Amino acid sequence: YSDGPPLPSPLNFEYSRYKQSYEWPLAYDHFDPVTQSFSRVVPDLIPVPTLLVSWTPFVTAVSYDLWITWGDDQETTIVENLTQPSYLFDDFTALLGVEYSVHVRAWNFWRGTPGEPESRTAIVQKDPFFHPTVQVLANGSFPTIRLPQLMSQTQSNVTVTVFLQDSTSFVPTSAPVLQFDSVDFRSGADPCIDNSP
């Protein structure tokens, strides 16, 4: 029992997905000393993307419910009665550019004043999650690059392909890399202004 509802705690996210051969930093499995070249072994079965949500245990909480919402009305199934402060969403494919709201509802039992009946109280914590930054090699070695899917205005998934010419040199960085981010509008960012010369 406690003297009140649970106290909130910030959420942590670990998104895991298979990275393509053109993503930076490059991921190679094998170096051939004879040809002096790198190669990558593509697994027969690409692992499914996952999202691990974790948090510091809420003070006085005895169980948790967890769910994710995005878009106009899309959401995962509510995972109820968790007793550990983490959960792995298996086969969760995040869309680039979409703001996800991750909700944790923490429950406890408490009595307000002596003689009052037992109460079950909850507090809901909601934190945003965005697809991590995607960086791709932009030196023309990979002329066709498929980005993670985005969401259209009609709430459908959209595939975006980037075409790069040989010797692409418009990237003003030391490494020939293009970076694609989701925009957190709560931070005051304006992608049109921020990416204009």
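At 15% relative accessibility, W70 falls under the 20% cut-off, so this tryptophan counts as buried. Keep in mind that we're looking at a predicted model.

A pair of aromatic rings is described by the distance of the centres and the angle of the planes.

| Pair | Centre to centre | Angle between planes | Type |
|---|---|---|---|
| W70 and F92 | 6.2 Å | 85° | edge-to-face |
| W70 and Y100 | 5.3 Å | 50° | tilted |

Take F92 to begin with. W70 sits in strand β5 (residues 63-70), while F92 belongs to the loop between β8 (86-90) and β9 (100-110), so their pair ties together parts 22 residues apart in sequence. F92 also counts as buried, with 7% relative accessibility.

Then there's Y100, in strand β9: its pair with W70 in strand β5 links distant parts of the chain, 30 residues apart. Buried or exposed, these two, W70 and Y100? Both are buried.

Zooming out, the whole structure holds 11 aromatic pairs. Ring pairs join W70, F92 and Y100 into a cluster with F13, Y15, Y87, F89 and F129.

**The three-stranded sheet**

Now for the strands. Three of them make an open sheet in the order β1-β4-β8, paired antiparallel. β1 (11-16) and β8 are the edge strands, each pairing on one side only. On average, and ignoring direction, neighbouring strands in this sheet are turned by 15° against each other. Six bridges connect β1 with strand β4 (residues 50-55) in the antiparallel sense; for L11, the bridge partner in β4 is W55.

Terms used:
Residues are numbered from 1 along each chain as its sequence is written. This is a predicted model: local features need pLDDT of at least 70, side-chain atom pairs count only at pLDDT 80 or more; totals for chains, interfaces and linings use all residues. Side-chain values use heavy atoms; hydrogens and water are left out. Rings of Phe, Tyr and Trp (its six-membered ring) pair if their centres lie within 6.5 Å; planes under 30 degrees apart count as stacked, over 60 as edge-to-face and the rest as tilted. Helices (H or I, at least four residues) and strands (E, at least two) are DSSP runs, numbered from the N terminus. Buried means under 20% relative accessible area, exposed over 50%, partly exposed in between (1.4 Å probe, protein chains only). Two strands pair if DSSP finds at least two bridges between them. Axes are lines fitted to C-alpha atoms, for helices over the stretch in contact, and angles run from 0 to 180 degrees between N-to-C directions.
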